[in-house]
Amino acid sequence: MAAFLILDSISLVTPDGRPLFDGLTLALGRERTAVVGRNGSGKSTLLRLIAGDIAPSGGSLQRIGRVGMLAQLADERLTVGEALGVADELACLHRLESGEGSLDDATDADWTLPARIQAALNEVGLPSLPLHRPIASLSGGERTRVALARLLIETPDVLLLDEPTNNLDADGRQAVAQLLERWHGGILVASHDRALLERVDRIVELTPIGVTLFGGAWSEFAEAREAARDRAEADLDHATDALRNTERSLQKAREKK
């Protein structure tokens, strides 16, 4: 399977020098990978690093395919069309349809775009959303679904989703779940949503003491992690018992002496 992203021994520290994670090696192709960890473990920072917003503290990152990150759509001055990133292209088509287009317009025109926009809005559960509607009039969940639709239109090789189900209603969460099921490229999702984590192919856990890669979804990962903790506790108990036995033996030897 071809890889769209290759991370080799990636390490990252905060601006004040606190280590987030170290030694992350990962190749991402056409699979769904989840990033989990406690708040502050570096999940969102890792996605920003892959998106190119920041540089790693160590290691190397190769982007062989195109990467798209779920936008937050914080600028309320945008229309839906602008938020989808299609306003200029639609204006080009409109000029051509009205007979006012230039040669450049004719060269740049993408006549498949209107159908792809409608298909993307259908996919995220917003089939009747007007493109001229202001983003400010949408709920938080609707904005997230518009951002998902933009990714569907752009069709990058890898989707980066940072807590995509936060503030979503049931229809919005279903749209995200369907995106994970139907997407043909790679997905890297940072989330605490257990239902969403059941739909991934593998899990990357970020902790201050290292990075763990697990092949499987959340329930298998949680079971394996719990079993590992039980083994660690049992090993600790055995070591404690052995230490106590050694101390008793030493005490007896001192008393005999």
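**View 1. Phe214, Trp218 and Phe221 make up one aromatic cluster.** This is a predicted model, where local features need pLDDT of at least 70, side-chain atom pairs count only at pLDDT 80 or more, and totals for chains, interfaces and linings use all residues. Residues are numbered from 1 along each chain as its sequence is written, and side-chain values use heavy atoms, leaving out hydrogens and water. Rings of Phe, Tyr and Trp (its six-membered ring) pair up if their centres lie within 6.5 Å; planes under 30 degrees apart are stacked, over 60 edge-to-face, and the rest tilted. That rule gives two aromatic pairs. In one, Phe214 and Phe221 sit with ring centres 5.7 Å apart and planes at 65 degrees, so this pair is edge-to-face.

**View 2. Trp218 and Phe221 form a tilted pair.** Their rings are 5.4 Å apart centre to centre, with 50 degrees between the planes. Both belong to helix H9 (residues 218-256), three residues apart, or about one turn of the helix. Phe221 is buried at 3% relative accessible area, and Trp218 is buried too, at 10% (buried is under 20%, exposed over 50%, partly exposed in between, with a 1.4 Å probe and protein chains only).

**View 3. Helix H3 packs against helix H5.** H3 covers residues 87-97 and H5 residues 113-123; their angle is about 140 degrees and their axes are 11 Å apart. That makes H3 oblique to H5 (under 35 degrees is roughly parallel, over 145 roughly antiparallel, 65 to 115 roughly perpendicular, the rest oblique). Glu89, Leu90 and Leu93 of H3 meet Leu113, Pro114 and Ile117 of H5, where contact means heavy atoms within 4.5 Å.

Technical notes: Axes are lines fitted to C-alpha atoms, for helices over the stretch in contact, and angles run from 0 to 180 degrees between N-to-C directions. Helices (H or I, at least four residues) and strands (E, at least two) are DSSP runs, numbered from the N terminus.
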